[in-house]
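This report considers how the parts of a protein model meet one another. Please look at the sequence and the structure before reading on.

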Amino acid sequence: MFRLLAGRFFASLGTLFFVGLVLFALTRAGPGSPARIVLGADATSQQITQFEHANGLDRPFLEQYAAWLFDVLRGDFGKSFVTGRDVAGEIAGALPVTLSVVLLAFVIAIVVGIGIGSLAALRPGGPFASVTRLGVVLGLSIPAFWLGIVLIRFIAVELRWLPPGGYVPPSSGLIAHLQTIAMPAVSLAVYYIAVLARMTQASLQDALRGDYVRTARAMGLSSPRIVFYALLNALPPVINLAALSFGYMFGWALIIEQVFNIPGLSRALLNAISQRDFLLLQGIVFLFTAIFVLANLGADLVNRVLDPRQRSSA
Amino acid sequence: MNRLARLARAADWTGWLGAAIVVVMIGAALLAPLVAPYDPVAISIEHRLSAPDAAHWLGTDQAGRDVLSRIIHGARASLAVGIGAVIIGALLGVSAGLFAAYKGGLGDQITMRIVDGVASIPLLVWAIAIVGILGVGPVTIGSLQFPNEVKIVTLVGCLFSPVFARVTYAVARRIVGADYVKARYLQGASHWQIALGEVLPNCLSPIIVQATLLVAIGIVIEASISFVGLGVQPPQPSWGTMLSDARNALYSGEWWLPVFPGIAISVTVIGFNLLGDAVRDLFDPRNEARTLVA
């Protein structure tokens with residue numbers, strides 16, 4: 001088992017290495033070299049050579065990538081050519097903001113999604129199952145950012161229950177913090193509630209049809225206990241999907257942060273784009289990719305560890 | 001024929017509803033200049049911000065442009081990106097999956113590791129970053145000029161391809177080893193004949209299911225990227241940019257500006273999702289199409 005975990009982990013690191021290489025190449029494919037962007041259009045070629053030499057930009061491409069990657073592993077994302085600020089510091093300032101929205105959305109999605117899915121699975125064909133089916137289609141189809149806009153309009157502007165945007169860190173009051181991230185987290189969570197509810201429902205319905213459930217019933221086990229055991233057997237695919245969802249949520253959080261005007265990684269990324277701050281852009285996108293790869297790894301491991309049938313097929 | 005009869009009998013009304021929505025939306029996109037009541041980019045200051053009425057069914061925006069006409073024309077960008085990306089993704093992915101399953105050995109290993117690599121790229125972040133790096137200007141290839149959306153279609157297509165590669169690979173692997181395929185070899189069939197005549201038709205149903213569901217995801221991605229200003233460029237109408245403009249109207253009374261483009265996206269996506277689910281129930285009883293999450 002340990003060998004399996006280690007093998008998967010190193011395979012993911014390898015993937016990240018190559019994907020990072022592609023990213024590194026792409027950030028250099030755009031119009032304008034860093035030297036031109038920093039020094040302006042009328043810099044002499046001597047100034048440009050000097051700048052590139054001073055920042056190691058004249059070294060071979062792979063060497064630059066290796067140097068950058070080693071720095072990143074040590075937590076040093078470099079210093080921005082444009083703003084002169086430390087990229088790691090910039091990311092460290094924005095990441096907690098994004099993380100708090102994503103984590104709240106993740107918790108909401110898991111609790112509500114598994115809850116709704118389980119209730120719907122108990123009575124297949126019942127009224128709650130029908131409503132769930134309809135709700136799942138709606139949840140999968142309504143874009144999160146539009147939901148956010150609608151929530152701002154009705155909850156914040158009309159009813160004035162919550163602030164329409166902005167961000168208050170938890171250090172300035174937990175209630176105020178939750179008030180600012182509640183609507184963004186709910187908008188982000190709805191799609192994943194639908195995804196997880198559908199998977200839970202299908203998987204639990206399947207489990208409840210199993211022979212051991214019939215045996216347990218015949219032996220007179222109480223209904224809640226039977227459902228509990230069936231749910232344990234039904235959960236692995238749900239947890240797998242939840243882990244995948246966690247990775248995807250960061251991407252959509254970028255859009256949601258724009259809707260609610262939250263100063264998270266989204267703003268940092270769009271600033272990096274508009275200022276052509278390649279190091280910042282590279283750092284942020286690499287971070288997102290690392291999170292995504294780890295979420296995929298987690299999903300894969302969950303599958304293999306929780307589902308004995310898949311253990312052998314490593 | 002048998003299949004058609006089964007389809008008519010088995011598909012419940014939700015599948016038909018989905019199909020109807022998809023047909024109407026594609027029709028609207030194709031015939032946009034004919035069915036839209038106004039020019040989608042014609043500015044008319046005296047009619048600005050008028051509420052829905054008989055002249056402008058869905059009202060007008062800050063520049064007096066007809067919202068209904070902009071939604072109808074906006075369907076073009078949405079569907080072009082959604083469907084275009086799926087076509088690119090299917091072509092790339094199906095070829096990769098067939099190649100790997102067919103070749104086996106080292107070719108299989110390398111191809112599927114590349115597929116894994118592409119699958120570990122977070123789509124939305126990369127799309128935003130790459131369009132950001134390349135800029136939102138049009139793409140010129142030779143004497144042809146393509147709008148910014150071409151970059152998004154290509155990117156999203158590439159990043160959709162692992163879904164197709166994996167589903168094709170899984171089915172193709174099973175079939176390549178089957179006895180009837182060996183028998184076809186003994187009859188003297190070429191590799192190409194086996195790949196296209198035996199293997200591909202068997203992969204088709206899960207591929208169609210994934211394609212339909214991925215169009216829905218592609219549409220939301222296009223709207224989202226346009227919403228942050230890196231997709232369709234103004235004044236060209238797109239559902240995402242319309243919602244972005246509508247943010248200015250959130251605090252005033254113009255409820256129709258944020259409401260209708262969002263309904264357009266949602267209804268279209270519902271259409272593709274319902275259709276995809278119905279197709280899955282009909283053609284993919286073994287459930288070889290994967291559960292999609294984006």
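## Contacts within and between chains

In this predicted model, chain A is assigned two domains, domain 1 (2-73) and domain 2 (96-313). The C-alpha centres of these two domains of chain A are 34 Å apart. Where they touch, 19 residues of domain 1 of chain A meet 17 residues of domain 2 of chain A. On the domain 1 side, H1(A) contributes the most, with 11 residues. That side comprises 13 nonpolar, four polar and two charged residues.

The contact of chain B with chain A involves 48 residues from chain B and 49 residues from chain A. B:Trp126, B:Ile133 and B:Val293 provide 17% of the area that chain B buries against chain A, more than any other three residues. The side of chain B that touches chain A receives its largest share from H11(B), with 11 residues. By class, this side of chain B holds 32 nonpolar, 11 polar and five charged residues.

The size of an interface is often expressed as the accessible area lost when the parts come together. The table lists this area for both contacts.

Which side chains form the salt bridge between the chains? They are those of B:Asp277 and A:Arg198, at 3.1 Å, N to O. Between the domains of chain A there is one salt bridge, in which A:Asp300 meets A:Arg8 at 2.9 Å, N to O.

Conventions
Residues numbered from 1 in each chain as written. Chains lettered and ligands numbered in written order. Predicted model: local features only at pLDDT ≥ 70, side-chain atom pairs only at ≥ 80, totals over all residues. Heavy atoms only, no water. Contact = heavy atoms within 4.5 Å. Buried area = accessible area lost by both parts, 1.4 Å probe. Salt bridge = Lys/Arg side-chain N within 4 Å of Asp/Glu carboxyl O. Helix = DSSP H or I, 4+ residues; strand = E, 2+ residues; numbered from the N terminus. Nonpolar A, V, L, I, M, F, W, Y, C, P; charged D, E, K, R; others polar. Domains from an automatic or database assignment.
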